[in-house]
Amino acid sequence: MIEIFQSIEYEPFLLSFKLAGVTTLILFIISVPLAWYLSQTSSRVKPLIESLTALPIVLPPSVLGFYILVALSQNSPIGLFFEDVFGVKLVFNFTGLVVASCFYSLPFMVQPLQGGFESINKNMLEASYISGKSKLETMIKVALPNIKPALMTAIIVTFAHTVGEFGVVLMVGGSIPGETKVASVAIYEMVEIMDYKSAHIYSAIMVIISFLVLLSVYIFNGRQSKKFGI
Amino acid sequence: MIKIDINKKLHGGHGEMDLDVNLEIKQGDFVALSGQSGSGKTTLLRILAGLEDSKGRVKIGDELWQDEKMMLPSQKRKIGFVFQDYALFPNMSVEQNLLFVKKDQALAKHLLDLTQLSELKDRLPNTLSGGQKQRVSLCRAMMNRPKLLLMDEPLSALDPAMRTKLQSEILALHKEFGTTTIMVSHDPSEIYRLASRVVVLNFGKIINDGLPKDVLLKTRGSQKFSFEGELLDIVKVDVINIAIVSIGQQLVEVVVSDNEVKNLKIGQSVSLSTKAFTPMIQGL
């Protein structure tokens with residue numbers, strides 16, 4: 001048993017988690033202000049922004065992957081710009097994966113956060129404004145601390161969703177070992193070459209890790225409800 | 001002197017309504033705002049707090065809070081607001097709720113002592129009772145020494161004993177800080193105890209404005225008891241009819257004639273009156 005675990009390569013897993021970690025961090029920074037804005041505004045632009053944000057959920061990953069590939073490749077304006085100015089390629093490498101993942105997982109960060117912000121007692125936010133606090137300070141000191149379950153859900157779901165990414169990653173990243181061959185792609189290849197033993201092992205590890213992550217989220221949420229009555 | 005002259009179109013439960021209020025309030029006054037549900041009381045409070053738009057002018061002393069060209073945001077108005085559902089910050093302790101408004105430890109301690117909350121200062125809001133939460137809400141509203149204190153039915157969710165207790169604390173705070181206060185309330189005894197002036201709103205317009213005694217008393221110097229209540233039931237016992245009426249928190253049984261029974265419907269509001277010849281008053 002132990003030799004099995006000693007013989008497999010861990011690189012795809014590390015790559016998956018690294019990708020998910022970086023993506024989650026970037027998305028968190030972008031999404032908190034966006035979700036707050038969406039929860040507080042009644043502007044006519046709101047449905048438009050919400051639709052754009054939700055698009056990655058409904059689009060087939062291959063469509064998303066295709067458009068990102070086209071938009072970021074060396075032949076496109078964006079790709080050329082990044083190559084000339086930063087000397088950075090955006091496709092078939094880790095950077096390209098991060099960009100693609102940010103699009104792919106955006107709604108999974110924004111929507112729980114927006115839902116959390118929307119479910120806050122509005123009187124409580126008003127009490128903060130009346131106390132002289134700006135909207136920004138209110139968001140940071142009053143709103144965010146009171147949506148811990150939604151925060152946890154957003155972060156964990158985004159992380160898990162990114163780890164599970166396959167179609168987009170394959171199109172934009174290819175399958176370059178150590179660079180873009182994430183766990184989901186590695187398992188696919190194992191099945192293709194009929195190395196079912198490895199596929200089993202890798203898949204089992206993925207299931208166990210995913211389950212443990214989810215379990216810890218639900219336990220945390222349970223403790224939060226008891227402590228704060230949220 | 002607080003000058004209010006505002007106008008706003010409201011969509012209430014009774015259709016469209018024009019909230020049209022022109023009011024002057026003296027510094028330090030305690031004004032009760034009364035009237036049917038949906039008559040615009042909460043909206044008026046929210047307009048004064050800067051939480052809602054309206055047309056018109058609001059001026060506090062020399063400070064212009066609102067006119068045709070500008071509207072000062074809530075953050076810049078020195079007001080205190082006590083919400084009907086307390087609206088405390090669940091992630092902060094009692095003391096932190098107060099200090100969030102202003103880092104004035106001494107004032108916070110003083111307010112907590114006045115409302116007998118000192119022992120609870122490190123507790124989280126979800127461990128407090130309704131009465132305790134409302135006291136915290138009251139203290140928090142006073143922390144930035146507001147020019148105007150607004151209270152939206154602050155005691156309506158509490159039982160009678162707790163109401164009376166909190167009324168005393170509101171009175172004590174008003175005596176000490178002299179803050180101009182506008183309180184929405186439906187409770188006549190509460191209004192009588194706390195307010196020096198009652199303004200009654202109906203469908204967005206002021207229909208009555210004066211001393212609590214004048215506005216609240218249903219009879220004027222006629223030495224008559226007159227109460228409004230709800231007819232709960234009519235029971236026939238032998239040859240007489242007994243009507244059971246609910247008045248305030250109490251039930252009374254009254255004998256009614258067959259004629260009177262014909263005109264009464266169970267569930268309707270009724271008025272009971274009788275001459276008040278030498279009634280017996282006894283302390284409980």
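A residue is taken as buried when its relative accessible area is under 20%, as exposed when that area is over 50%, and as partly exposed in between, with a 1.4 Å probe and protein chains only. The model is a predicted one, in which local features need pLDDT of at least 70 and side-chain atom pairs count only at pLDDT 80 or more, whereas totals for chains, interfaces and linings use all residues. Residues are numbered from 1 along each chain as its sequence is written, chains are lettered from A and ligands numbered from 1 in the order in which they are written, and side-chain values use heavy atoms, with hydrogens and water left out.

By these cut-offs Gly80(B) is buried, having a relative accessible area of 1%, and this residue belongs to strand β6 (residues 79–82) of chain B; helices (H or I, at least four residues) and strands (E, at least two) are DSSP runs, numbered from the N terminus. When neighbours within four places in sequence are left aside, the contacts of Gly80(B) are Ala141(B), Pro146(B), Leu148(B), Leu149(B) and Leu150(B), contact meaning heavy atoms within 4.5 Å. Between Gly80(B) and Ser273(B), which are 193 residues apart in sequence, the C-alpha to C-alpha separation is 41 Å.

Chain B as a whole contains eight helices and 14 strands, and its C-alpha trace spans about 70 × 50 × 35 Å along the principal axes. Of its 284 residues, 45% are buried, and 64% of the contacts in chain B between residues at least 6 apart in sequence join residues at least 24 apart. Its accessible surface amounts to about 15200 Å², with 52% belonging to carbon and sulfur atoms; such areas come from the Shrake-Rupley method with a 1.4 Å probe, and for residues only the protein chains shown count as cover. The chain carries 37 positive and 34 negative charges, whose mean positions are 4 Å apart. Lys and Arg count as positive and Asp and Glu as negative, while His and the chain ends are not counted, and a charge is placed at NZ of Lys, CZ of Arg, CG of Asp or CD of Glu.

Chain A has 12 helices and zero strands, and its C-alpha atoms fill a box of roughly 65 × 50 × 30 Å along the principal axes. Buried residues account for 43% of the 230 residues of chain A, and its accessible surface of about 12000 Å² belongs for 70% to carbon and sulfur atoms. In chain A, the centres of the 14 positive and 14 negative side chains lie 17 Å apart.

The contact between the chains takes 22 residues from chain B and 21 residues from chain A. The buried area, defined as the accessible area (1.4 Å probe) that two parts lose on being put together, summed over both, is about 1800 Å² between chain B and chain A, with carbon and sulfur atoms giving 61%. On the side of chain B, Gln75(B), Asn91(B) and Phe100(B) lose the most area to chain A, together 33% of what that side buries. One salt bridge is found across this interface, the term denoting a side-chain nitrogen of Lys or Arg within 4 Å of a carboxyl oxygen of Asp or Glu. Arg46(B) forms a salt bridge with Glu126(A), with the closest N and O atoms 2.7 Å apart.

Backbone geometry was also examined. Met194(A), a residue other than glycine, has a positive phi near 60°, lies in the loop between α11 (183–192) and α12 (196–228) of chain A, and is exposed at a relative accessible area of 60%.
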